[in-house]
Amino acid sequence: MAAEWDAEGRAAARPLLTDYYQATMALGYWRAGRALDPAEFELFFRRCPFGGSFALAAGLRDCMRFLRTFRLLDADVQFLASMLPPDTDPAFFKHLRALDCSGVTVRALPEGSLAFPGVPLLQVSGPLLLVQLLETPLLCLVSYASLVATNAARLRLIAGPDKRLLELGLRRAQGPDGGLTASTYSYLGGFDSSSNVLAGQLRGVPMAGTLAHSFITSFSGNEVPPDPMLAPAAGKGPRVDLVASVKLWLERVCAHLGLGLQEPHLGEQAAFVAYALAFPRAFQGLLDTYSVRRSGLPNFLAVALALGELGYRAVGVRLDSGDLLQQAQEIRRVFRTTAAQFQVPWLEAVPIAVSNNIDEEELARLAQEGSEVNVIGIGTSVVTCPQQPSLGCVYKLVSVGGQPRMKLTEDPEKQTLPGSKAAFRLLGSDGSLLMDLLQLAEEPPPQAGQELRVWPRGAQEPCTVRPAQLCEPLPSLSESRAFAQQSLSRLSPAHRRLQSPAVYQVALSEKLRALVDRLSAGGLL
């Protein structure tokens, strides 16, 4: 088990998956005698992605894997030695080789939490040289995971709670690491399953999939199954020649649909039969290889009805081209008339899945009231986050040696909040989210019903609130998914809407605000 965990940690990120200036700063800290100074950094973002009012915190699980296995190998240290000045003290490289994260403390928003600008997703404290080295890999692990989880949550909000969302973007992802991350955190954000087998193996993400057009076009219709016989689902009774049964059913289906028997494609029929023999309990048809109405649909119905006689139930059909909403309506109509014609009521409810470059606009159309679409497969639009390719997380120093540090800069948006802090999520009397409160770690935590005087960020005057405190433990991945959906449900409609949402308030305690004002004015600590 330990070996497996180590492999996961090394796969999440390696110590040298970092920026070169982290190594040069490490040497600078060492030469200044400050390598072991206690320090604290905060990882946060400045603006909500996609023009929305929230993000979902994700990537913590990968961060913990990385930190638990963090160790510079001999080859890593030798490479750094080749890049740094040749007269560097060998004791520096010995120090690097001995580094691990046993002295690092991480405080974090629980995986799947709602996150807002300026509120730390991670607070990392430990020896200055080491926690500086962690900056780039932690940003890499958190930023994209949180972005794709937020993107998935937006798509879930558009789809509503009843449509099943399938992530199938691995082939469109930015490399293998991006593919695994997208599959993992789109599930956390609200998708039901993924086509990514590795995500199923490593992360426990539910897997789902159909079949490709290549499977269907590989059959000409002249193939003879090695064994066309299929036993009843209940296991009792004689085996039946599925090929012969499908041919009989196709005659009846074509007569019902007003089609000529020569219209359904023979190769498609052979492909469906082959798939049904391999997966009689999970048969599904991809309908648009040749013609949905004249071939895919009648061939599917013939195979599904032949299986139905043996007690099996087809699990769905998929469309991958054309007007998906309109075709789904027509297919459902045919399912209903065919179910009535042959007295097979189960056929009416066979799920209809769709895919084909579905974005937010098309998803809203497919999810509208009266839509007959049940399952929606999304690839590119979820894994590549086309509306915003980066969350823009930053990792900033807030304390060294117990003393607050603040970045002022020429850009007010880039000013940091000094000092070691605690973050609290406050609820209104109706249970909805009220605001997030940042205060210095030394301040007593807020209590439910307690009147607080706080400073909303950007405001010129304080305000008074009476909150309830919300604290959550770190959940598992499946629990994180449920937690994320529960968190989203707490957002008010004004914050939840995806276009022009209201800004969620993040406020500072009076003591933190006073520290910011003092340091901004150049006052002494």
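Helix α3 (residues 60–69) packs with α7 at an angle of about 155°, and their axes lie 8 Å apart. Here axes are lines fitted to C-alpha atoms, for helices over the stretch in contact, and angles run from 0 to 180 degrees between N-to-C directions. α3 and α7 are therefore roughly antiparallel to each other; angles under 35 degrees count as roughly parallel, over 145 as roughly antiparallel, 65 to 115 as roughly perpendicular and the rest as oblique. Their crossing is right-handed, that is, the near helix is turned clockwise from the far one by less than a right angle.

This is a predicted model, in which local features need pLDDT of at least 70 and side-chain atom pairs count only at pLDDT 80 or more, while totals for chains, interfaces and linings use all residues. Residues are numbered from 1 along each chain as its sequence is written, and side-chain values use heavy atoms, with hydrogens and water left out.

The chain has 19 helices and 21 strands; helices (H or I, at least four residues) and strands (E, at least two) are DSSP runs, numbered from the N terminus. Of its 525 residues, 53% are buried. Buried means under 20% relative accessible area, exposed over 50%, and partly exposed in between (1.4 Å probe, protein chains only).

Helix α7 covers residues 135–159 and reaches 36 Å from its first C-alpha to its last, close to the 36 Å expected at 1.5 Å a residue. The expected span is 1.5 Å times one less than the number of residues. In α7, 22 of the 25 residues are buried. Gly160, with a positive phi near 85°, follows α7.

The whole structure holds 12 aromatic pairs. Rings of Phe, Tyr and Trp (its six-membered ring) pair if their centres lie within 6.5 Å; planes under 30 degrees apart count as stacked, over 60 as edge-to-face and the rest as tilted. Two of the pairs are tabulated.

| Pair | Centre to centre | Angle between planes | Class |
|---|---|---|---|
| Tyr275 and Phe279 | 4.9 Å | 35° | tilted |
| Phe300 and Phe335 | 6.0 Å | 40° | tilted |

Phe300 in helix α13 (residues 292–309) and Phe335 in helix α14 (residues 324–342) are 35 residues apart, and their pair links distant parts of the chain. Both Phe300 and Phe335 are buried. Tyr275 counts as buried because its relative accessibility is 12%, whereas Phe279, at 41%, counts as partly exposed. Tyr275 and Phe279 form one aromatic cluster with Phe215 and Phe219.
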